[in-house]
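Here are a few notes to read alongside the structure. Have it open while you go through them.

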Amino acid sequence: KMPMIDGALQACNLLHEAGYELVCVTAMPARFTDHRLENFRSHGFPIDRVISTGYDKENPQNNPKKNIIEAMHPVAFVDDSRRNFKK
């Protein structure tokens with residue numbers, strides 16, 4: 001139900017056309033990753049795969065997505081949450 005951010009589809013298509021692999025890293029439960037990928041693609045996003053990290057229930061301040069993203073050594077990082085960016 002999240003609205004598409006202006007320019008997101010165009011940016012993803014440009015990155016994909018330039019040869020970049022587009023990966024969605026999400027905290028949603030793993031059982032929903034196929035649906036999330038299908039949803040992205042139904043809106044025209046050229047997402048290659050979705051990785052689920054879940055939440056750290058013992059330490060809500062810990063963001064498991066951070067470790068996955070850092071291990072991937074991304075060339076570019078895009079996020080819809082300001083808390084994931086350093087100031």
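1. Let's begin with C12, which sits in helix α1, the stretch covering residues 8-17. Keep in mind that this is a predicted model.

2. Is C12 buried or exposed? Its relative accessibility is 18%, so C12 counts as buried, the cut-off for that being under 20%.

3. What does C12 touch? Setting aside residues up to four places away in sequence, C12 touches L22, F45 and P46. Have a look at V78 too: 66 residues separate C12 from V78 in sequence, yet their C-alpha atoms are 9.9 Å apart in space.

4. Now for helix α2, residues 33-42, where the buried residues are T33, L37 and F40. These three cover an arc of only 60 degrees around the axis, so they end up on the same side of α2. As background, an α-helix has 3.6 residues a turn, so residues three or four places apart point the same way.

5. And the face of α2 turned away from that buried side? That one carries the exposed residues D34, H35, E38 and S42.

6. Leaving out neighbours within four places in sequence, T33 is in contact with V50 and S52.

Conventions
Residues are numbered from 1 along each chain as its sequence is written. This is a predicted model: local features need pLDDT of at least 70, side-chain atom pairs count only at pLDDT 80 or more; totals for chains, interfaces and linings use all residues. Side-chain values use heavy atoms; hydrogens and water are left out. Helices (H or I, at least four residues) and strands (E, at least two) are DSSP runs, numbered from the N terminus. Buried means under 20% relative accessible area, exposed over 50%, partly exposed in between (1.4 Å probe, protein chains only). Contact means heavy atoms within 4.5 Å. The arc is that of the directions from the helix axis to the C-beta atoms.
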